[in-house]
Amino acid sequence: MASGKVAPNNATDDAILVTGAAGFIGLHVAQRLLQQGRTVVGIDNMNAYYDPSLKEARLSILRNHDRFAFEKLDIAKQDDLFTLFKQHRFGRVIHLAAQPGVRYSIEHPHVYASANLDGFLNILEGCRHNGCRHLLYASSSSVYGANKKVPFSIHDSVDHPVSLYAATKKANELMAHSYSHLYGLPCTGLRFFTVYGPWGRPDMATYLFADAIAQGKPIKLFNNGNMRRDFTYVDDVAEAIVRLMDKPPQANGASFDPGSSAAPWRVYNIGNNKPEELMKVVSLFEKELGRAADKQFLPMQPGDVPETYADIEDLARAIGFTPKTSIEEGIRKTVAWYRDYHGV
């Protein structure tokens, strides 16, 4: 391992694998696990989709923990990944590594096939052959695609994606189901809804808003700003994932419900259950940064949707947890981090 102090692995080792550990959600999930005294092995390919220095800065936080180890590794490289799985025989895997971004998928489709399809298949095979007791993996609210019914429920059909990114995430859910059915691998899909907070990705709206307003540059508001998003604070997301980790799904007999299965397979919405008007979010950033935004109103972008809204009743029943962070508090903390990180 490149860093950290993980004991040599064997069948009794309880190290947890977090893929995409240098990513936004990966950092917060790994931190939460380490705070609980767990041993974490993190992997990431450290690609240049956005500035790798931000990923390095996140990793520097995790490297301060003795129970964390990191290896630079691409999940699309089967041999390297299988070597890691054979060494550690991870009982639990939290798979967050992926190529993100709806708009980027329109211009770079093959990148998504490699990371989100081939890479996910390698994760499934690593889990299958090495005794994994629970695989949790990142899906996305984008799987709801053209659905008109709100709030979005895991019991709704999600057969009409409107971007390739969304299609790869729906494919991940289907691939996971097949492994649950064939091999009894417990799999939990995590449909994230507009996750935001400190250490966020530079291509995400909240980071872009903070950066543009701070620098006096225009912000782009698509669909003329008439958008609603179920903004979910990253600490709430991490807490939900860590709680779900210790609750692998069980086979429950015959089931044809889209959100569950006769196999040990489930999906959950990881959202705030409270969509916010985009213009309200912009106004909160203006307040925290102390200056007005230069607003550029634009038409809807291909692959985008006007509203997301998570029904999280199933999540609450499963783990007794609902998000606690208000949009006001979340943006205040996001701007405080932005100021500190950039010296603004």
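Modeller: Let us begin with a term: two residues are in contact when heavy atoms of theirs lie within 4.5 Å. Please keep in mind that the model is predicted.

Biologist: Where is Leu117 found, and how far apart in space are Leu117 and Lys169?

Modeller: Leu117 is found in helix 5. Leu117 and Lys169 are 52 residues apart in sequence, and their C-alpha atoms are 8.6 Å apart in space.

Biologist: Is Leu117 buried, partly exposed or exposed?

Modeller: A residue is called buried under 20% relative accessible area and exposed over 50%. Leu117 has a relative accessible area of 27% and is therefore partly exposed. Val242, which lies in helix 8, has 3% relative accessibility and so counts as buried.

Biologist: What does Val242 touch?

Modeller: Not counting residues up to four places away in sequence, Val242 touches Val29, Arg32, Leu33 and Gln36. As for Leu62, it is 180 residues from Val242 in sequence and 17 Å from it in space, C-alpha to C-alpha.

Biologist: How should I read a sheet?

Modeller: Strands of a sheet pair through backbone hydrogen bonds, either parallel or antiparallel. Here seven strands form an open sheet with parallel pairing, in the order 3-2-1-4-5-6-11.

Biologist: Which strands stand at the edges?

Modeller: Strand 3 (68-72) and strand 11 (265-270) do; each has a single partner strand, so one side of each has no neighbour in the sheet. From one strand to the next, the twist averages 20°.

Biologist: Which helices pack on this sheet?

Modeller: One of them is helix 3 (residues 78-88), which touches strand 1 (16-19), strand 2 (40-44), strand 3 and strand 4 (92-95). The direction of helix 3 makes about 180° with that of strand 2.

Biologist: How many bridges join strand 6 to strand 11, and how many pair strand 5 with strand 6?

Modeller: Strand 6 (residues 187-192) runs parallel to strand 11, and six bridges join them. Strand 5 and strand 6 also pair in the parallel sense, over six bridges. Ala138 has Leu190 in strand 6 as its bridge partner. Facing strand 11, Gly189 stands opposite Val267, and Phe192 stands opposite Ile270.

Biologist: Are the residues of strand 6 buried or exposed?

Modeller: Six of the six residues of strand 6 are buried. Cys187, Gly189 and Arg191 point one way, while Thr188, Leu190 and Phe192 point the other way.

Biologist: Why is strand 11 said to be largely enclosed by the rest of the structure?

Modeller: Six of the six residues of strand 11 are buried, so the strand is largely enclosed by the rest of the structure. Trp265, Val267 and Asn269 point one way from strand 11, and Arg266, Tyr268 and Ile270 the other.

Biologist: What is the general idea behind a nonpolar core?

Modeller: In soluble globular proteins, nonpolar side chains tend to be buried together. The largest nonpolar core here has 101 residues, of which Ile94, Leu135 and Phe192 touch the most other members. Helix 8 (residues 234-245) gives the most to this core, with eight residues.

Biologist: Which residues is Phe192 in contact with?

Modeller: Beyond neighbours within four places in sequence, the contacts of Phe192 are Ile25, Leu96, Ala138, Ser139, Ser140, Ser141, Val237, Ile241 and Ile270.

Biologist: How is a pair of packed helices read?

Modeller: Two packed helices are described by the angle between their axes and the distance between the axes. Helix 1 (residues 24-35) and helix 2 (residues 52-62) pack at about 5°, and their axes are 10 Å apart. The two helices are therefore roughly parallel to each other. Phe24, Leu27, Ala30, Gln31 and Leu34 of helix 1 make the contact with Arg58, Ile61 and Leu62 of helix 2. By class, this contact has six nonpolar, one polar and one charged residues.

Biologist: Which residues of helix 2 are buried, and what do they pack against?

Modeller: Leu54, Lys55, Ala57, Arg58, Leu59 and Leu62 are the buried residues of helix 2. They pack against helix 1, strand 3 and helix 11 (327-342).

How values were computed. Residues numbered from 1 in each chain as written. Predicted model: local features only at pLDDT ≥ 70, side-chain atom pairs only at ≥ 80, totals over all residues. Heavy atoms only, no water. Axes fitted to C-alpha atoms, helices over the stretch in contact; angles between N-to-C directions. Helix = DSSP H or I, 4+ residues; strand = E, 2+ residues; numbered from the N terminus. Parallel < 35°, antiparallel > 145°, perpendicular 65-115°, else oblique. Nonpolar A, V, L, I, M, F, W, Y, C, P; charged D, E, K, R; others polar. Core = buried A, V, L, I, M, F, W, Y, C linked by side-chain atoms within 4.5 Å. Buried < 20%, exposed > 50% of the residue type's maximum accessible area, 1.4 Å probe, protein only. Pairing = 2+ DSSP bridges.
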